[in-house]
Amino acid sequence: ARGLVFMTILKVGFMLTGRVGTGLVMSKMPDGSWSAPCAIGVSGVGWGFQVGTELSDVILILNTQNAVDAFTSESQIAIGSQLGVSVGPIGRSAGTDLHIGKEGASAAFSYAHSKGLFMGISLEASGIFCRPDVNRCFYGHDVKPSTLLSSAYPKPLGAEPLYRALSEVLAEAKRSTGYDEVCVGGSAI
């Protein structure tokens, strides 16, 4: 993976759904370390054979530099498909997305853990945007997404628990599989 996106998204509807959420994006540096996180938000709609309400923790795997570059724009559009089922605290969904931003277009894979009461298959359209207010609060000043997702910005101490968690997950995967990379949805992290 060249980058990861972590989001929490609320989705509600019948046939036509609305979704809103927040999260962060990080890019992987050439030395294998992770960039400073950049806060993002998401809102959108979906259409298909679907019904219910769910709250999902989503991970997007950005498997190319073009996918990461799409997140350096202030905003972008994501179009994709999703299949998901949630019953109570147990739910899973998987999807593919095409992200289009000022810096270009690229595909990404997503995987989610969900809870709620929801079932469906749908086409989704979302706007993903930078949250400069959250970045300003966290970093203490205005900073562009392109700066955060490059090696130009120092790693913030406040993100150390996230860096540590990623290192632990990847180290455990390496121990259990014997491979240097973990595959999620066909993409190596």
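**Notes on the model**

1. Glu124 is a buried residue, with a relative accessible area of 5%. This is a predicted model, and the points below should be read on that basis.

2. What does Glu124 pair with in a salt bridge? The partner is Lys11, and the closest N and O atoms are 2.8 Å apart. Lys11 is buried as well, because its relative accessibility is 4% and the cut-off for buried is under 20%.

3. Arg19 joins Lys11 and Glu124 in a network of salt bridges.

4. The count of salt bridges comes to five. One of them is in helix H4 (residues 160-177), where Arg175 and Glu172 sit three residues apart, about one turn of the helix. Their closest N and O atoms are 2.9 Å apart. Arg175 is exposed at 61% relative accessible area, while Glu172 is partly exposed at 43%.

5. Asp133 and Arg131 also meet through their side chains in a salt bridge, at 3.7 Å from N to O. Both ends are partly exposed: Asp133 has a relative accessibility of 41%, and Arg131 has 24%.

6. Is Asn135 buried or exposed? With 2% relative accessibility, Asn135 counts as buried. Asn135 lies in helix H2. Beyond its neighbours within four places in sequence, Asn135 has contacts that include Pro37, Cys38 and Ala39, as well as Cys130, His141 and Leu148.

7. On confidence, the protein chain has an average pLDDT of 82, and 78% of its residues score at least 70. Helix H2 (residues 132-139) has the highest confidence, at 96. Strand S7 (residues 187-188) has the lowest, at a mean of 48.

8. As for the overall layout, the protein chain has four helices and seven strands. Their order along the sequence is β-β-α-β-β-β-α-α-α-β-β. Among contacts with a separation of 6 or more, 69% are between residues 24 or more positions apart.

9. The protein chain has 189 residues, of which 43% are buried.

Notes: Residues are numbered from 1 along each chain as its sequence is written. This is a predicted model: local features need pLDDT of at least 70, side-chain atom pairs count only at pLDDT 80 or more; totals for chains, interfaces and linings use all residues. Side-chain values use heavy atoms; hydrogens and water are left out. pLDDT is the predictor's confidence in each residue, from 0 to 100. Helices (H or I, at least four residues) and strands (E, at least two) are DSSP runs, numbered from the N terminus. Buried means under 20% relative accessible area, exposed over 50%, partly exposed in between (1.4 Å probe, protein chains only). Contact means heavy atoms within 4.5 Å. A salt bridge is a side-chain nitrogen of Lys or Arg within 4 Å of a carboxyl oxygen of Asp or Glu.
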